[in-house]
Amino acid sequence: MSTATAIRARDLAKSFTVGKVSTRVLEGLSVDLAGGELTMLSGPSGCGKSTLLAILSGLERPDAGSVEALGEPVWYLNRKALQRFRLHHIGFVFQGFNLFPALNAVEQVELPLSYLDLGAAETRRRAEAALEEVGLSHRRKLRPAELSGGEKQRVAIARALAKQPQLLFADEPTSALDSVSGQTVIDILHRAARQHGTMVLCASHDPRLIAHADRVLRMEDGRVLADEYHPHPAVAEEPVA
Amino acid sequence: MVALARKTLIYEWRRYLPASLAVAFSGMLLLVQLALVFGIFNGAAVYINASRGQIWAGYPGTQSIDLGRGIPRDTEMHLLADPQVAQVEPFQWVNGDWRGRRALGSVSVFVSGVDTAPDALAFARVIPPTLRALLNEPGAIIVDRADLPKLGISVGESGILNGYRVHLVGTTNGLRALGGVNIVASLATARRLNVGGDPRPAYYLVRLRDPGQAAAVAARLDPHGSERRYSVWTASTLAARTVHYWLFETGAGLGVVFMSLVVFLVGTVITSQTLMGAVAGSISEYATLNALGASRRALSRVVMEQAGWVGVAGLVGGGALSALALVVAHSQDVPVAITPLGTLACALLVMGITLLSGLLAVRTLRNADPAKLLR
C-alpha cells in the first residue's frame with residue numbers, strides 16, 4: 001500500500017461560458033491525493049465535482065493552476081503524450097457504463113488493453129483476472145444486453161482495473177444501481193485502493209459511499225469546504241460473489 | 001486485438017444495412033448504365049463483332065466502320081502476300097433507302113454485301129451457312145428479327161430497296177444497328193443496289209492462321225507513308241474506334257461521366273449519413289475508449305474498417321444486383337455489354353464512395369470528447 005502523493009493540484013480555476021453568461025466552476029482549488037486511498041468527492045449538483053475530476057484526470061484543461069500526477073505536469077504534456085499518460089496510468093469508471101453492445105464482457109475488458117501491446121495471451125490473462133476480481137468470471141461470455149446494471153458497472157470497473165492504473169477516477173459509479181449492486185461496486189473500488197495501492201477518486205452523491213471512503217472532500221461553489229479522514233473505514237476483504 | 005469493427009457490424013447489422021444497400025445500389029446503377037451505353041454503342045460495331053476474322057483493312061483513317069469508303073481491289077493481293085494470312089474476303093457497304101408498306105414511309109438502311117461461301121467470315125457468328133446460302137438467290141436479303149416491324153414485312157415478302165425489288169429470305173438475331181436497319185445481302189445483290197456509288201468494296205476481312213498474331217500482323221500489314229491507300233486494324237481496334245467515335249459523336253460519353261458523378265454523390269451522401277449515425281450512436285463508448293488512452297487515430301481506424309466492410313458487402317450485393325439486372329436485360333433483348341475495364345472502374349468508384357463516406361464519418365469522432373462524459 002502506498003500513501004505517497006499521487007496527485008498534487010494547485011490553484012485550479014475553471015469557468016464555463018454559455019452565451020454571454022460566464023460561470024465560475026472552480027476557484028483557486030488546491031488538493032493533494034494519495035495512492036492507496038479511496039477519496040470521495042461529495043457535494044450538491046453543480047458544485048464542481050465533475051469538473052475537478054476532469055481536470056485532475058487530464059480530460060479538461062483548467063483556465064489556471066497546475067496538476068502534477070505521478071510527478072508529471074499533466075497540463076504541460078501535448079495531446080499525444082497526455083493520451084499516452086492516460087493509457088498507461090489512468091482508469092475511468094463513468095456513470096453510464098458505455099460498454100460496446102457487440103462485445104462480451106471479456107472483450108470489453110480486453111479492448112483498452114489491446115492498445116498497450118501486451119500480446120494476446122497477457123491481454124487475455126489480465127482481462128480474465130480483472131473479471132475475476134469483480135466477481136464476474138462466470139458471466140464473461142455475456143454481452144451488455146444480457147447483464148444487469150450492477151454487472152455492467154462491474155465490467156466497466158474491470159475494464160478500468162485491467163490496465164493496472166495507478167490512478168482511478170469514478171464519476172457517480174453507483175447512482176444508477178440498486179443498493180446491493182452499489183455496495184458491491186463500493187467494495188471493489190475500495191479493494192482496488194487497498195490491494196493495488198491505487199489512488200481512487202470518486203465523485204458521488206451516494207451516502208453509502210461516504211461511509212466507505214478513507215477521505216471525504218466536501219465541495220460547494222467550486223471550493224473544498226471540508227476535508228475529512230476516516231481512519232478505519234469498513235472494508236469487505238473477501239472476494240465478491 | 002478485439003475485432004471491434006467487425007463484431008459491431010455483425011451485431012448491429014440493421015444499423016449498417018442502409019449504408020451497404022446504398023453502396024450496392026450505387027454500384028448497380030454505375031455498372032448498368034455503363035453496360036447499357038456500351039451495349040447500345042456496341043451496335044455500331046456489330047459488323048465487326050458478329051464476324052469472324054482477326055483483321056480488317058479499310059479506307060485510311062476511318063474513325064467508325066459506318067464511315068467506310070471504297071478501297072483499291074489490289075488490297076486483297078497485298079494482304080494475301082503475307083504468309084500468316086489464310087483467307088481474305090471483300091465486304092461491301094451500301095447506304096440505302098427502304099420502302100416497304102406505304103404506311104411506314106421510307107427507312108434509312110445499311111446494306112452489307114457479304115461473301116456467301118459456307119466458310120465466309122462476315123457475320124459468321126449470326127448467320128449460319130444454310131441461311132447464308134439463301135443469299136445466293138438474286139435480290140435475297142436477311143435482317144434482324146427485331147427490325148421486321150420497322151421494315152413492315154415478314155419472311156417471304158418483298159420490298160423496294162434503292163429502287164430495286166428485294167425479298168426477305170430469313171431473319172437472325174444480333175444484327176441490330178445504331179440509327180438505322182442492317183440488311184445483309186450477297187456481294188452481287190449489293191453491287192446491284194449500289195446505284196451511283198463506289199463499286200469497290202469498303203473493307204477486306206482477313207482470317208489468320210494463328211489468331212494470336214493479330215496485333216503483330218496488323219502492324220506489319222498497315223501501310224506506312226503519306227500515300228497509303230488503305231489502313232489495317234485488328235478487329236478489336238476497329239470495334240473500339242467505332243464505339244469511341246459514337247460515344248463522343250453523340251455526347252453519350254460525357255453523359256456517362258456526368259451520370260456517374262451524380263450516382264457517386266448520392267451514394268456518398270446516403271452512405272456517409274448512415275455511418276455518421278452509427279458513430280454518433282456509439283459516441284460515449286468511443287469517448288470512453290479515448291479516455292482510457294485509445295488514440296483518435298485508433299478510433300478512426302475502427303470507423304474506416306467498418307466503412308471498408310460496408311463497402312465490401314455493398315460490392316458483393318451490387319455485383320449480385322448488377323448480374324441480375326444484366327440477365328433480365330439480356331433476356332428482354334435490351335442491348336447490354338460489360339468490359340473488364342468498365343467493371344473495374346465501377347468497383348473503384350464504389351470503393352471511392354465508401355472511402356469518402358468513411359472519412360466523413362471519422363469527422364463525427366470529433367464529438368467523442370471524454371470530458372463530456374463527466375458533465
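What pLDDT does chain A average, and what percentage of its residues score at least 70?

1. Confidence. The model is predicted. Chain A averages a pLDDT of 90, and 95% of the residues score at least 70. One stretch needs a flag: over residues 236-241 of chain A the pLDDT is below 50. Beyond near neighbours in sequence, residues 236-241 of chain A still have eleven contacts in the model.

2. Extent of the interface. Chain B contributes 25 residues to the contact, and chain A contributes 31 residues. About 2700 Å² is buried between chain B and chain A. Carbon and sulfur atoms give 67% of that area.

3. Salt bridge. One salt bridge is found across the interface of chain B and chain A. The partners are Lys7(B) and Glu107(A). Their closest N and O atoms are 2.3 Å apart. The cut-off for a salt bridge is 4 Å, so this pair qualifies.

4. Polar contacts. Six residue pairs are in polar contact across the interface of chain B and chain A, with both residues at pLDDT 80 or more.

5. Elements on chain B. Three helices of chain B each supply at least two residues of the side that touches chain A: H1 (4-11), H11 (283-291) and H12 (296-331). H11(B) gives the largest share, seven residues.

6. Composition of that side. Of the chain B residues that touch chain A, 14 are nonpolar, six are polar and five are charged.

Conventions
Residues are numbered from 1 along each chain as its sequence is written. Chains are lettered from A and ligands numbered from 1 in the order in which they are written. This is a predicted model: local features need pLDDT of at least 70, side-chain atom pairs count only at pLDDT 80 or more; totals for chains, interfaces and linings use all residues. Side-chain values use heavy atoms; hydrogens and water are left out. Contact means heavy atoms within 4.5 Å. Buried area is the accessible area (1.4 Å probe) that two parts lose on being put together, summed over both. A salt bridge is a side-chain nitrogen of Lys or Arg within 4 Å of a carboxyl oxygen of Asp or Glu. A polar contact is a pair of N or O atoms within 3.5 Å; within protein, one must be able to donate a hydrogen and the other to accept it, and residues adjacent in sequence count only if both atoms are side-chain atoms. Helices (H or I, at least four residues) and strands (E, at least two) are DSSP runs, numbered from the N terminus. Ala, Val, Leu, Ile, Met, Phe, Trp, Tyr, Cys and Pro count as nonpolar, Asp, Glu, Lys and Arg as charged, and the others, Gly among them, as polar. pLDDT is the predictor's confidence in each residue, from 0 to 100.
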